[in-house]
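Morning, everyone. Let me put the model on the screen, and then we'll walk through it.

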Amino acid sequence: MLNFFPNPYPDEDFRSIVYRFSKLSANTDKKSVMYELFQAKTVRNKLILPRNILNLLNKIPGQHTYSLKRMIKEHSYLPLMKPFYTLTEYNRIVEDIGQTTGAIVVGTNRLRHMISNQVRYCPLCLLEDYQTIGETYVHRIHQIKFVQVCPYHHVYLISSCRECQRSFSYDKELLGTPFCSNQHYLPSYAKQINHVETNETLLYKVATNTNFLLQNEKDIGIELLRENYRDHALKQGYFSPNGLTRKNTNFIRDFLVYFPIGHLEALGINLNQINRKFAQIYFNLQGNHYNVLFHILIMNYFSGSVNNFLNQIIPNTEPFIPFGCGPWECLNELCTEFNQPSIKLCNRYSYKEVIYGTFRCEKCGYTYTKKCNRETLQTVEKIYVRDKGWVWNKKEFEIHNLYAMKIQQTQRFNKRQRTIVEKMHIPKKHSFAWTKLLLQVYLTVKSYKETARILGTTEITVKKILTKNQMKIS
Ligand SMILES: [Zn+2]
Ligand SMILES: [Zn+2]
Ligand SMILES: [Zn+2]
């Protein structure tokens, strides 16, 4: 059991908390401190992603507000990696950080290249912290490499004293006051960013957006990200309707218009990273997509900010998907779901300039196909019935059964006599009433040809309908 453990400050880097503990406990031997807290032989720098936190939590005396989740969420850098994992994976990683079993290898290396090697401070946060709490500490947000300005004070971060060039490092003492070790007053070096310069505005934007990503309460997993990228990319035509990336070059061109090369370089981006597969890698989160900065920029490109990108109502991509998102109507008049949007699946395939969509009702088996133009996505009105389904067939069979004897007798004669049929109401072609009428007419006129003429269809159709059920009867 420890005698005490310091309370963490808002957004305090975990290494800073451990540092304050060692200072307050007058134990300057890093290794023994690490062993005391985590039962681990590790050096402080590894605390970018601390392990065995439960070891520590169990040793903290009395009542405290620490918890594993809170420690990771508010004081580690793992939240930066959250968008790259499914929520299940993420929870497993959190568990592993609590008590390392060695089973899970988290991307510590991916994380490390995002965190500054030197300790960075905002000169005005130093002043403010010192005035409000009586000491200064290391803020997590300031340590992320591509964050170059303080999101709260709009000033450049410093990693060394401007006067004596002394750099701030974890190997030396961390600052407890707003003075460097040579007693130079650091807040006097605060340099405001110029909001008129667009590249400086971008630095500020990246800082606030990164902060949002770190602080956000919402569960941002890879599923959400992928879904939102897909919708935006579809809307802007970087995705083809069948879900494949296309026009990568268009995307790169548009991206570089939105973010001029000079601005990207100021953020430390190497332009080689924007390569042939840029869109594919980042939209699908496949391959080496672990660059949070690129994700922040792409989200900005699409929605103006990370916040908008994650929380905006998803743009309506319906017009960009052939036949829309569904659900679609069952067109079988005998089905209980007739004209109801009950079909949830659409099978799309394309051939040459046409995209075909096949829809099948689960309730009745009625299956039909629609066509649309590949470029305009304009749907053709006409539908093609592939299968009328079991509900229809059963009913038709029953009707047929009713007349079965008569039909068989009639067909023995099948005289081609022309009968004058009184003007009658003909139901919609191929509706069930129409099929029923067809049987009745045939029984009266006893001719395929005549039946076809009266019902406005072909002899073949009449024959088909008549023989279809007869087979089953006999
Ligand atoms: Zn600040
Ligand atoms: Zn100095
Ligand atoms: Zn149906």
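Gln-183 sits in the loop between H7 and H8. Keep in mind that this is a predicted model. Is Gln-183 buried or exposed? Exposed, because its relative accessible area is 57%. Now look at its backbone. Phi of Gln-183 is near 65 degrees, a positive value in a residue that is not glycine. As a rule, most residues other than glycine have a negative phi.

The zinc ion (ligand 2) is held by Cys-161 (SG), Cys-164 (SG), Cys-180 (SG) and His-184 (ND1), at 2.1 to 2.3 Å. What is the arrangement of the 4 donor atoms? Tetrahedral, because the angles they subtend run from 100 to 116 degrees. Along the chain, the donors of this zinc ion (ligand 2) read C-x2-C-x15-C-x3-H. Two of these donors are worth checking for accessibility. Cys-180 has 1% relative accessibility, so it counts as buried. His-184 has 22%, so it counts as partly exposed. The cut-off for buried is under 20%.

On to the zinc ion (ligand 1). Which residues coordinate it? Cys-122 (SG), Cys-125 (SG), Cys-150 (SG) and His-153 (ND1), at 2.1 to 2.3 Å. The 4 donor atoms of ligand 1 make angles of 102 to 111 degrees, and the site is tetrahedral. The spacing for the zinc ion (ligand 1) is C-x2-C-x24-C-x2-H. Take one pair from that set. Cys-125 is in helix H7 (residues 123-133), and His-153 is in the loop between H7 and helix H8 (198-215). So the pair ties together parts that are 28 residues apart in sequence. Both Cys-125 and His-153 are buried.

Now the zinc ion (ligand 3). Its protein donors are Cys-330 (SG), Cys-335 (SG), Cys-361 (SG) and Cys-364 (SG), at 2.3 to 2.4 Å. The 4 donor atoms around ligand 3 subtend angles of 105 to 118 degrees, so the arrangement is tetrahedral. The spacing for ligand 3 is C-x4-C-x25-C-x2-C. What does the pair Cys-330 and Cys-364 tie together? Cys-330 lies in the loop between strand S1 (328-329) and strand S2 (341-343). Cys-364 lies in the loop between strand S4 (354-360) and strand S5 (367-373). The pair therefore ties together parts 34 residues apart in sequence. Cys-330 is buried, because its relative accessible area is 1%. Cys-364 has 0% relative accessibility, so it counts as buried too.

In soluble globular proteins, nonpolar side chains tend to be buried together. The largest nonpolar core here has 90 residues. Which of them touch the most other members? Phe-251, Phe-255, Phe-283 and Leu-297. Helix H13 (residues 292-303) gives this core its largest share, 9 residues. Where does the core lie? Domain 1 (14-112) and domain 2 (221-318) both contribute residues, so the core lies between them.

There is also a second, separate core, of 20 residues. Among its members are Tyr-403, Val-445, Tyr-448 and Ile-465. Let's follow Tyr-403. It lies in helix H15 (residues 389-413). Tyr-403 has 12% relative accessibility, so it counts as buried.

Lys-446 is in the loop between helix H16 (432-445) and helix H17 (448-455). Its phi is near 55 degrees, again positive in a residue other than glycine. Lys-446 has a relative accessible area of 25%, so it is partly exposed.

Two quick items on rings. The structure holds 34 aromatic pairs. And the charged end of Lys-82 sits over the ring of Tyr-90, 4.9 Å from the ring centre.

Last stop, Ser-25. Ser-25 is in the loop between helix H1 (14-24) and helix H2 (30-38). With a relative accessible area of 28%, Ser-25 is partly exposed.

Technical notes. Residues are numbered from 1 along each chain as its sequence is written. Chains are lettered from A and ligands numbered from 1 in the order in which they are written. This is a predicted model: local features need pLDDT of at least 70, side-chain atom pairs count only at pLDDT 80 or more; totals for chains, interfaces and linings use all residues. Side-chain values use heavy atoms; hydrogens and water are left out. Donors are N, O and S atoms within 2.8 Å of the metal (3.2 Å for Na, K and Ca); water is not among the atoms, so sites may look incomplete. Four donors count as tetrahedral if all angles lie between 85 and 135 degrees; four count as square planar and six as octahedral if opposite donors are over 155 degrees apart and all others between 65 and 115; anything else is irregular. Buried means under 20% relative accessible area, exposed over 50%, partly exposed in between (1.4 Å probe, protein chains only). A nonpolar core is a set of buried Ala, Val, Leu, Ile, Met, Phe, Trp, Tyr and Cys residues joined through side-chain atoms within 4.5 Å. Helices (H or I, at least four residues) and strands (E, at least two) are DSSP runs, numbered from the N terminus. Domain bounds come from an automatic or database domain assignment. Rings of Phe, Tyr and Trp (its six-membered ring) pair if their centres lie within 6.5 Å; planes under 30 degrees apart count as stacked, over 60 as edge-to-face and the rest as tilted. A charge sits over a ring if NZ of Lys or CZ of Arg is within 6 Å of the ring centre and within 35 degrees of the ring normal.
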